[in-house]
Amino acid sequence: MSGPLLEVVGLEKRYGARIGCTEVSFDLYPGEVLGIVGESGSGKSTLLGCLAGHLSADAGHILYKGRDTRAMAEPERRVLARTEWAFVHQNPRDGLRMGVSAGGNVGERLMAVGARHYGDIRATASDWLGRVEIDAGRIDDRPRAFSGGMQQRLQIARNLVTGPRLVMMDEPTGGLDVSVQARLLDLLRALVREMGLAVIIVTHDLAVARLLADRLMVMKDGRVIEAGLTDQVLDDPQAAYTQLLVSSVLQV
Amino acid sequence: MSEAYTFAYLDDATKRMIRRALLKALAVPGYQVPFASREMPMPYGWGTGGVQVTAACLTPEDTLKVIDQGADDTTNAVSIRRFFERTAGVAVSEHTAEASVIQTRHRIPEKPLSEGQILVYQVPIPEPLRFLEPRESETRKMHALEEYGLMHVKLYEDIARHGAIATSYAYPVRVEGRYVMDPSPIPKFDNPKLSNNPAIQLFGAGREQRIYALPPYTQVVSLDFEDHPFEPTKAEAACDLCGATESYLDEVIVDDAGGRMFCCSDTDFCASRRDAGHIGRLAPEVVA
């Protein structure tokens with residue numbers, strides 16, 4: 001496929017009179033990683049929520065493989081959401097079933113698309129736990145018994161098990177300590193390259209953006225104020241706010 | 001029959017409302033139809049849903065049988081049977097074959113049902129997905145969109161933890177390849193009897209205000225995995241009173257020294273076998 005996987009045109013979401021995000025347009029090609037950065041309240045998560053269908057946008061178009069997801073019927077959108085899309089929440093508790101074992105968590109998407117062979121489901125789950133560096137011996141433990149970093153990796157495994165095309169991540173490294181963050185980022189980078197995923201990653205951590213993203217969008221007050229290649233945006237910021245953002249990072 | 005009551009306790013408008021719900025439920029097998037459940041003169045959990053469905057189905061010519069875990073002589077069965085004797089004056093029977101309406105708590109009679117009979121189940125929690133997904137708004141959507149993967153997550157967890165599907169009652173079923181349904185807490189031994197049954201099967205949940213139904217000869221499949229197929233289970237024993245090996249058994253502790261016996265949970269089935277001369281290990285004729 002040569003065209004973009006996802007085309008967003010003039011997307012707007014309002015909360016009453018307030019702007020959630022407005023006039024957001026971009027294209028995302030297969031295998032590309034798009035970072036969205038900005039301070040708290042800049043509309044990053046709102047934008048991601050609209051793209052994933054968690055929130056209903058007020059205006060604009062979201063074209064996935066040329067089809068407008070806003071015009072799709074809900075069943076079709078939900079099928080997309082559990083086959084071709086994946087959504088990684090900031091808090092793994094939002095994305096995992098805490099009362100269900102790690103294997104069950106990874107297997108849920110498989111069973112949702114019709115897998116009915118216990119042995120196969122378990123083998124796949126075990127394989128995926130290995131790929132996200134969780135010991136296969138913990139397949140029957142509940143996520144409660146996992147550390148924060150492991151929970152986040154489990155959430156990623158659960159999302160990627162059906163081989164999605166488009167992954168949306170909302171602050172996947174938030175709340176993790178730096179060494180765990182580094183390993184998670186390594187893992188993500190490897191999976192993204194290996195599976196050729198298109199990724200939209202929302203973060204306020206510029207280091208994460210630098211490491212993972214090919215392109216960057218900077219948001220402020222619900223608008224995109226700057227967009228471009230990651231290195232270009234971070235090394236030669238044009239907008240005043242981006243300059244402030246880049247210079248705010250403590251250089252160790 | 002007490003003259004102070006409308007026939008079968010409920011007023012006519014209520015019965016009409018329930019019958020409408022029943023017709024809708026029969027038209028969409030396995031779909032949970034909301035209905036305006038009434039307060040009944042018994043506590044929730046004692047079969048208020050089943051009683052309302054029975055009241056809406058009864059005609060003066062009917063013969064009613066009420067069973068509680070298969071038994072005709074336990075508190076719940078006796079009080080509901082007496083309730084309808086007083087308020088409807090219908091004939092009652094303990095024999096499965098004689099009854100035209102059978103209200104049951106958590107069993108299907110051993111004797112195969114026939115066309116023209118109505119089996120009414122008392123249902124505590126009609127939503128099979130309840131303990132997996134607490135939001136009613138979400139479970140309704142899942143039913144509407146046939147998103148039943150979660151039901152298998154429950155079975156997966158069973159196998160992961162116990163090595164086999166440990167769910168032994170209220171075992172989820174799929175009706176005519178469409179709706180996933182909670183068959184009320186009947187033992188999974190009874191699940192095969194749900195399918196292709198010539199009788200009408202009606203399910204009433206009073207507290208949860210839901211009615212669902214299986215019309216005669218409906219295909220009902222118990223959910224399972226390809227490599228862990230559904231198995232109806234019962235105690236590995238014969239009835240100690242009538243010697244039956246094919247019926248569902250209750251285990252009864254008979255003394256303080258760990259002594260125990262098994263007997264048919266279906267008392268009518270057991271009694272009719274004993275009348276026919278079958279004798280078990282601890283039958284009075286043997287022990288005396």
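**Entry 1: E23(A)**

I began with E23(A), which lies in strand β2 of chain A. The model I consulted is a predicted one. I looked up the backbone of E23(A) and noted a phi near 50°, a positive value in a residue other than glycine. Is E23(A) buried or exposed? I recorded a relative accessibility of 57% for E23(A), so the residue counts as exposed, the cut-off for that class being over 50%.

**Entry 2: the partners of β1(A)**

I then turned to strand β1 of chain A, which covers residues 6-15. Strand β2, residues 18-28, runs antiparallel to β1(A), and 7 bridges join the two. Within this pairing I found Y15(A) opposite R18(A) of β2(A). I noted that β1(A) and β2(A) form a hairpin with 2 residues between them. In its turn, G16(A) has a positive phi of about 65°.

I also followed β1(A) to strand β4 of chain A, residues 59-64. These strands run antiparallel as well, and I recorded 5 bridges between them. Here L6(A) stands opposite Y64(A) in β4(A).

**Entry 3: E171(A)**

Where is E171(A) found? I located E171(A) in the loop between β7 (166-170) and α7 (178-195) of chain A. E171(A) is not a glycine, yet I noted a positive phi of about 50° for it. I looked up its accessibility next: E171(A) counts as buried because its relative accessibility is 8%, and the buried class requires under 20%.

How values were computed: Residues are numbered from 1 along each chain as its sequence is written. Chains are lettered from A and ligands numbered from 1 in the order in which they are written. This is a predicted model: local features need pLDDT of at least 70, side-chain atom pairs count only at pLDDT 80 or more; totals for chains, interfaces and linings use all residues. Side-chain values use heavy atoms; hydrogens and water are left out. Two strands pair if DSSP finds at least two bridges between them. Helices (H or I, at least four residues) and strands (E, at least two) are DSSP runs, numbered from the N terminus. Buried means under 20% relative accessible area, exposed over 50%, partly exposed in between (1.4 Å probe, protein chains only).
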